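Please open the model and keep it beside this note.

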Amino acid sequence: MDANGYSDPYVKCLKPDMGKKGKCKTQIKKRTLNPEFNEEFSFDIKHSELAKKTLDISVWDYDIGKSNDYIGCQLGITAKGERLKHWYECLKNKDKKIERWHTLLNEN
């Protein structure tokens, strides 16, 4: 949360082995502590290779004039708990959307 009591969150996706083609981000949701992101991104990858890959999905607070703040929720093979379960469910269900809510935590 910024000094004004709000945050300006956005989601960043990074697929490290794809260079610039593997980067994307959502629109910034201005002045909110309860963002909803209804945007889709797709990466061209074979399902058989997906379990060996990493997709890093993280939430950030946009700040003007200084570095953006990480505010939580990473999904991917390195995730833990419910986030890792979500990732495995995505791997098990080819060509099916798997939607879940995740609580954002400031882990710094």
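This is a predicted model: local features need pLDDT of at least 70, side-chain atom pairs count only at pLDDT 80 or more; totals for chains, interfaces and linings use all residues.

1. Every value below is computed from it.

2. **Elements.** The protein chain has two helices and four strands. Read from the N terminus, their order is β-β-α-β-β-α. Trace that order once before going on.

3. **Overall dimensions.** The C-alpha trace spans about 45 × 30 × 25 Å along its principal axes. The radius of gyration of the protein chain is 15 Å. A compact globule of 108 residues would have a value near 13 Å, so the two agree.

4. Of the 108 residues, 30% are buried. The protein chain exposes about 7900 Å². Carbon and sulfur atoms supply 50% of that area.

5. **Strand E1 and its two partners.** Strand E1 covers residues 9-14, and strand E3 covers residues 56-61. They run antiparallel and are joined by six bridges. One place to look is valine 11, whose bridge partner in E3 is valine 59. E1 also pairs with strand E2, residues 23-25. This pairing is antiparallel too, over three bridges. Here leucine 14 stands opposite lysine 23 of E2.

6. **Salt bridges: the count.** How many salt bridges are there? The count comes to four.

7. **Glutamate 40 and lysine 97.** The side chains of these two residues meet in a salt bridge, at 2.5 Å from N to O. Glutamate 40 lies in the loop between E2 and helix H1 (47-50), while lysine 97 lies in the segment after helix H2 (81-92), so the pair ties together parts that are 57 residues apart in sequence. Is glutamate 40 buried or exposed? Its relative accessibility is 60%, so it counts as exposed. Lysine 97 counts as exposed as well, at 59%. The cut-off for exposed is over 50%.

8. **Glutamate 82 and lysine 85.** This salt bridge has an N to O distance of 3.2 Å. Both residues lie in helix H2. They are three residues apart, about one turn of the helix. Glutamate 82 has a relative accessible area of 46%, so it is partly exposed.

9. **Arginine 100 and glutamate 89.** The side chains of arginine 100 and glutamate 89 meet at 2.3 Å, N to O, in another salt bridge. The pair links distant parts of the chain, eleven residues apart. Arginine 100 is in the segment after H2, and glutamate 89 is in helix H2. Arginine 100 counts as partly exposed, at 33% relative accessibility. Glutamate 89 is partly exposed, with a relative accessible area of 26%.

10. **The network.** Which residues do salt bridges with shared partners join into one network? They are Glu82, Lys85, Glu89 and Arg100. Show these side chains together on screen. Then return to glutamate 40 and lysine 97, which meet in a salt bridge of 2.5 Å.

Technical notes:
Residues are numbered from 1 along each chain as its sequence is written. Side-chain values use heavy atoms; hydrogens and water are left out. Two strands pair if DSSP finds at least two bridges between them. Buried means under 20% relative accessible area, exposed over 50%, partly exposed in between (1.4 Å probe, protein chains only). The radius of gyration is taken over C-alpha atoms; the globule rule is 2.2 Å times the number of residues to the power 0.38. Accessible areas come from the Shrake-Rupley method with a 1.4 Å probe; for residues, only the protein chains shown count as cover.
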